[in-house]
Amino acid sequence: MTDNVKETSRTMELVLGIIGGIFGLLGGVFAVLFGSLASSDVVLLGISAILASIVGIVGSIYVTRNSKIGGIILLISAVWLLVSISLFGVMGTIFLGIAGLLALLRK
């Protein structure tokens, strides 16, 4: 007998996570460029945002294998991105956060 367990497609989470990661990368690069003119603290926060975005992209890929762990990674990267570069990271945070919540809440 075979199990007729229906697998949920995680394409939406994957796409939203990648879009959020790209927005976060752009915000991080902008913060690094802006910070090089203003202060070194902003540069460090920009680098932190770039790392958070990379973690978000990895989480969005991982969500196709394990939705719960991938969703947690996406939410952590969303919060990390928002803390790093607040204003520059809002769009990335929104996309990563939605992807993470979908991964955790969808059956």
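The model is predicted, so local features are given at pLDDT of at least 70 and side-chain atom pairs only at pLDDT 80 or more, while totals for chains, interfaces and linings use all residues. Residues are numbered from 1 along each chain as its sequence is written, and side-chain values use heavy atoms, without hydrogens and water.

**Overall layout**

- Read from the N terminus, the order of elements is α-α-α-α.
- The C-alpha trace spans about 65 × 15 × 15 Å along its principal axes.
- Of the 107 residues in the chain, 36% are buried (buried means under 20% relative accessible area, exposed over 50%, and partly exposed in between, with a 1.4 Å probe and protein chains only).
- Contacts (heavy atoms within 4.5 Å) between residues at least 6 apart in sequence join residues at least 24 apart in 69% of cases.

**Terms for helix packing**

- Two packed helices are described by the angle between their axes and the distance between the axes.
- Axes are lines fitted to C-alpha atoms, for helices over the stretch in contact, and angles between N-to-C directions run from 0 to 180 degrees.
- Angles under 35 degrees count as roughly parallel, over 145 as roughly antiparallel, 65 to 115 as roughly perpendicular, and the rest as oblique.
- A crossing is left-handed if the near helix is turned anticlockwise from the far one by less than a right angle, and right-handed if clockwise.
- In the residue classes, Ala, Val, Leu, Ile, Met, Phe, Trp, Tyr, Cys and Pro are nonpolar, Asp, Glu, Lys and Arg are charged, and the others, Gly among them, are polar.

**H1 with H2**

- The axes of H1 and H2 cross at roughly 165° and come within 8 Å.
- That angle makes H1 roughly antiparallel to H2.
- The crossing of H1 past H2 is left-handed.
- This contact has 16 nonpolar, 10 polar and 1 charged residues.

**H1 with H3**

- Helix H1 covers residues 11-37 and helix H3 residues 67-85; their axes come within 11 Å and cross at roughly 20°.
- H1 is therefore roughly parallel to H3.
- H1 passes H3 in a crossing that is left-handed.
- On the H1 side the contact is made by Gly17, Gly24, Gly27, Gly28 and Ala31, and on the H3 side by Leu74, Leu81 and Ile85.
- By class, these residues are 4 nonpolar and 4 polar, with no charged ones.

**H2 with H3**

- Helix H2 covers residues 40-62 and packs against H3 at an angle of about 165°, with the axes 8 Å apart.
- The two helices are therefore roughly antiparallel to each other.
- H2 passes H3 with a left-handed crossing.
- Residues of H2 in this contact include Leu45, Gly46, Ser48 and Tyr62, and those of H3 include Ile69, Gly70, Trp80 and Ile85.
- The contact of H2 with H3 divides into 12 nonpolar, 9 polar and no charged residues.

- Glu13 belongs to helix H1 and is buried, with a relative accessible area of 0%.
- The side chains of Glu13 and Arg106 are joined by a polar contact of 3.2 Å (a pair of N or O atoms within 3.5 Å; within protein, one must be able to donate a hydrogen and the other to accept it, and residues adjacent in sequence count only if both atoms are side-chain atoms).
- Leaving aside neighbours within four places in sequence, Glu13 is in contact with Ser60, Val63, Ala99, Leu102, Ala103 and Arg106.
- Ser60 lies in helix H2 and is buried, at a relative accessible area of 0%.
- The Ser60 side chain reaches the backbone oxygen of Ile57 at 2.7 Å.

- Ile61, in helix H2, counts as partly exposed at 41% relative accessibility.
- Its C-alpha atom is separated by 9.1 Å from that of Val15, with Ile61 and Val15 46 residues apart along the chain.
- Val83, in helix H3, is exposed, with a relative accessible area of 62%.
- The C-alpha atoms of Val83 and Ser9 are separated by 30 Å, and these residues are 74 residues apart along the chain.

Note on methods: Helices (H or I, at least four residues) and strands (E, at least two) are DSSP runs, numbered from the N terminus.
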